[in-house]
Amino acid sequence: MAISEMPKSELDEELEEKWADMPGVPGFLNTVDHKRIGLRYIYTSFVFFFIAGALALVLRVQLAQPNAGVLSPETYNEFFTLHGTTMIFLFNTPVLAGFGNYLIPLMIGSRDMAFPRLNAFSYWIFLFSGLLFFASFVIGHAPNGGWFAYTPLTSKPYSDGINIDFWGLAVVFVGISTTVGAINFIVTIFKLRAPGMTLNRMPVFVWSMLTFSFMAIFAVPSVTVAAGLLELDRLFGTSFYTVGLGGSVLLYQHLFWFWGHPEVYILFIPATGMISMIIPVFSRRPLSGYIFVVTALVATAFISFGVWVHHMFATGIPPLALSFFSAASLLVTLPSGVQFFAWIATMWKGVVEFTTPMLFAIGFLLIFLLGGITGVMVGVLPFDWQVTDSYFVVAHFHYVLNGAVVFPIFGALYYWLPKMTGKVLDERLGKISFWTMFIGFNLTFFPMHILGFLGMPRRVYTYNSGLGWDGLNLFISIASFLFAAGTLLTVVNFVKSMRRGKEAGPNPWHADSLEWMTSSPPPEYNFAAIPVVGSRHPLWDQHPVPVAESADDDARRPLGVHGALEKEMTVTEGLDARPQDTLGIPAPSYLPVAVAFGVLLFFVGLLVTSAVIGVVGAAVGLFGVVWWLWRTEEDVR
Amino acid sequence: MNRPSRARLFVAALLCLFAAGCGQAGSIVNPKGSEASRIATTWWIIFALACVVYLVVGGLIVFAALRGRRRRGASGLRENAFIWIGGIIVPLVILLVIAGVTVNTTSALRNPSSDALHIDVTGKLWWWDVRYIGTNVVTANTFHIPAGRPIDLRVTSDNVIHSFWVPELAGKEDTIPGQTNHLRFTADEPGTYRGRCAEFCGLQHAHMDIIVVVDTEGDFGRWLARREALDGAPTSDLTTRGAVVFQREACAGCHTISGTSANGKVGPDLSDFGSRPTIGAGVLTNTPENLDEWIYDAPAAKPGTSMPQFHSLPARDIAAVTAYLESLK
C-alpha cells in the first residue's frame, strides 16, 4: 500500500491535519478527543478537590478550640456538606473517570473511546453540575443537610430554603455524567481492544474501570431515585418520605446507601487498579496472582451491593436482619486481603525502586490496611452501635476515601502525568510532598479515632470544654494544615515541572502496558498503526511490539495507518479481541456541549421553579439529541 | 535509610496513644452499663486481633518493599500459596472468629425483659423529652434511672432523626419519626453519665446533650416519689413573683410546670429545672447568672432555638423567674 511508502514526516503531517482540533475556543468546545477530555476531567476535579480541602481547613479552624466563633452554626453546616458532597461527587468519582478516559483507549490500543461525543457530553455534564452546585455557595445558600442529606431534616418543613434543592438536583444531574461515562467505558473495553488483547491480557487498571462502570450502572440509579424523590417531595409536594402520608424516612436511607456503599468501592476499585499498575512496574516484574486480583475486583463489586444496611445499624432494624449485613460487611474484606497479599508478593519477588509513585503506593498500603481493619470493626454490629456517627467513623472513612483513594490518585499523577504532559515531575519535591502528606494525614486522622471513643459525634459545629476533646482537636487542626501543605507541594511540583521539567520520552518508567508505546504526550490518534498484543505485558515481553497492517476487509482495514488516516477504529470481539468490524470516529461537534447546556437549563428551571427556563432547557436538550442521532447516521459508515 | 519501618514505628506509637487515651470518663471503653461493657469486651478482642493483623501485614509490606529494594536476588516465595494463605485462609479464620464474637455479643444485647423500667425518650429540636411510663413524671435533658434494673428506653421523634447516645452506658439508637425503637440496657453503678445526640439534626446538633443520673434502687424510688409530688409551688416572695411573671409572660405558653396552669408543649418541661446540671441541653452550666442570660437572650447562646429573646422583660422580673425555676427541684 502506498501509505507505508510515504516519508515519515509527510505521513505525520497528514495525520496531524486529519486529527487536529480547531484552534482556540471552538476547538475547546467541540473536541471529542478522549485525551483532552480526560485531562480536563482531571484538572476540573482537582480544582474541586482544592476548594473542598480549603473548606475542610476552615472547619478545622473552627474546631481547634471549644466554643469557637469562627463559623456560625449555619455556615459550619454548609461547609461540611459542601466538603463531603464535593469530594465524593465532584472530585473522587470524576477524577477516576478522568484517568479512565485518558488511559483506557491508550492501554487497550485504541484510537479513542467507543462514543467520543458521549464522552465529551459526560464531561460537560460533570462541569455544569459542579458549577450549578457551587452556584449555591456563591449566592450564599449552600446545602446544609450533610452529604447524605437525610430526610426529614432535608424535607421542606425543616429545610425551607433553596439550599437542599441545589444538593438534590446536582446529585441527579451529575449522575447522568457518571452513568453515560460508565456505558462508554464498558463498550470501549469490550469492543475496542487491540487484536490479541484477550480478556486475560487486559491491564488490571482496565479491569478496575470495567468493574467501576458496571457498579456505577447498577448503583447510580438508586441515588438518582433517592435524590429525585426528595426533590419531588420538596418541589411538588409528593410524600415519598413524609411520615403520616404513607411515606417513610428509612426508605430514603435504604435508597441512598444502596448506592452509597457500593460507591465507596466504585471509588476504591479504580484506585487499587492504579496500585496494581504501579507496584509491578517499580518491582520490575509482573503482578503476582493476576487472576486472584481480577477475581477480587469482581467479587468486591458483587459483595458490596449486600452491605448497605451497615450504615443503618442503629435505625431499629431487627438484629437478625442486621446480622446478615454484618456478615457481608466482614466478607467484603476478603477480596481486599487477596489484593494485599498479591501486592506484597509482587514486591517480595521483585526489585523495588522507591520512586514517588511507588512511595504513594506503599503509603497507600499502610494507610488502607488501617482503614480496612477499622472497616471490619464498624462491620461488627454491636461495636458499630457505639462508634457510628462518631469521629471514629470520620477517621475510618477518611482512611479509606482519603488515604486509600487520594494517595493512589497522587501516585497516579506522578506516574501518568509524564505520559499526559510529556514532562516528568520532580522526584525530590515529589518525595517531600509524599512524606508531608503521609505524616500529615496520619497525624490528622488517626487521633479522630480516639475522639470517637471519647464520645465526640460527627458534624458538631462546636463543643464544650472539659470533655477531654480540647487537646486532640487542636492537635488535629494543626496537623490538617501539614497534610494540606503536602498536597500543595505537588501542585508546586506540577507547575515547576511543566515549565522546566525533564522530557519524559515515551516510556520513562520502563513500564509494560501499551500507553507507554506512544510518544508523551500521545498524538491525537494515539497509535498510527494498532499494536498486536501477544502478552499481558507487551512492552516487556514483545521486542518490539508488532503493529498491524491494514487489510482490505472491513474488520482489519482500520488496523494499520490507513485507519488513522481515515479516522477509523477496529471493533474486536469481546472475549478474545479478534477483529470484527469498523467504527468511524466522529468529527468534533458542538452537540455535546449544547445538549449538556440544555440539561443545565432544565435543572436551573427546576431549581428556580421557572417553567419557562425548564421547558427551554428540555427543548434544547431534546432537539440536540435528535440532531445528534440524525447526524451520526450521516457521519458514520 | 529505613523510612517505611520508621513509618511503622510511628503508627505503632499512635496505637499505644490510642489505647492509653481512651480510658477516661465519657469513653466507650470506660463502661458503666451492661451493653457498653459487652461492647467494650468485644472491642478489646477485635482490637487485639487488629494489632496482630496490622503488625504482621504491615510488617510484610515493609519487609517485602525493603527486601526488593536491597535486591537480595531471587526469592523462593510461592506466590499462589502465599496469596491463598495470607489473603484468603487466615483472614477467613479471623473473620469467622469476629463473626462468632459479633453474634455472641449481639444476641445478649437489647433483649426485652419483663421487669424493665419503661421510659419514653423523644428527640426534639434540640433537646430531649423524657416520660416515665405509668407515672405523671415528665422531665427533659436530664433523667434518673436505677442501677441494676433493666431499662427499656422507647425512643422516637416527632421531627427529624436524632440518635440517643450515652457512651458509658450503651450504643446508639436512632429516634426516627413514625417508629418507636428500643434501647435496652442495665446501668451498673450510680453516677452521672453524659451523652448527646449523634445523628446530625440541624443547626443545634452540637447542643443536644443528655445526662443520665444513675441512682441506687432506693435513691431512685425516693427521687421518683419526690418528683411525682412536685407541684411548682413557689416558696418565697421572690419565687412567687417569679411564678407570676412565668404565667404572665410567654413562658407558660411553651413550658409545662406540673401542678401549675403552665402546660405549654413546645419547649422542655421545667417541673424539676433546678435539679438539672445544664441549660439549653448542654449550652450553659445551670447557674442563676447563666439562666438570667439565657432568659434574656437564648438565641444568642443557641442560635436557632425556638426560645425567643426577652429583651423587654425588666431585669428584676428575669431574676425572679430565675429564682423560681432554680427552686424547682
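A residue counts as buried if 20 or more other C-beta atoms lie within 10 Å of its own, as exposed if 12 or fewer do, and as partly exposed in between, with C-beta atoms placed from the backbone. We're working on a predicted model, where local features need pLDDT of at least 70, side-chain atom pairs count only at pLDDT 80 or more, and totals for chains, interfaces and linings use all residues. Residues are numbered from 1 along each chain as its sequence is written, while chains are lettered from A and ligands numbered from 1 in the order in which they are written.

**Exercise 1. Work out how spread out chain B is.**

Start with burial: 44% of the 329 residues in chain B are buried. For the elements, count nine helices and 12 strands in chain B (DSSP runs, H or I of at least four residues for helices, E of at least two for strands, numbered from the N terminus). Finally, chain B has a radius of gyration of 26 Å, well over the 20 Å from the globule rule, so chain B is more spread out than a compact globule. That radius is taken over C-alpha atoms, and the rule is 2.2 Å times the number of residues to the power 0.38.

**Exercise 2. Describe how helix 6 and helix 7 of chain A pack.**

First, find helix 6 (residues 163-191) and helix 7 (residues 204-236) of chain A; their axes are 8 Å apart, at an angle of about 155 degrees. Axes are lines fitted to C-alpha atoms over the stretch in contact, with angles from 0 to 180 degrees between N-to-C directions. The two helices are therefore roughly antiparallel (over 145 degrees; under 35 is roughly parallel, 65 to 115 roughly perpendicular, the rest oblique).

**Exercise 3. Which helix of chain A gives the most to the side that touches chain B?**

Begin with the totals: 75 residues of chain A are in contact with 77 of chain B (C-beta atoms, placed from the backbone, within 7 Å). Among the contributing elements are helix 4 (73-107) and helix 15 (427-453) of chain A. The top contributor is helix 11 of chain A, with 12 residues.

Notes: Two residues are in contact if their C-beta atoms, placed from the backbone, lie within 7 Å.
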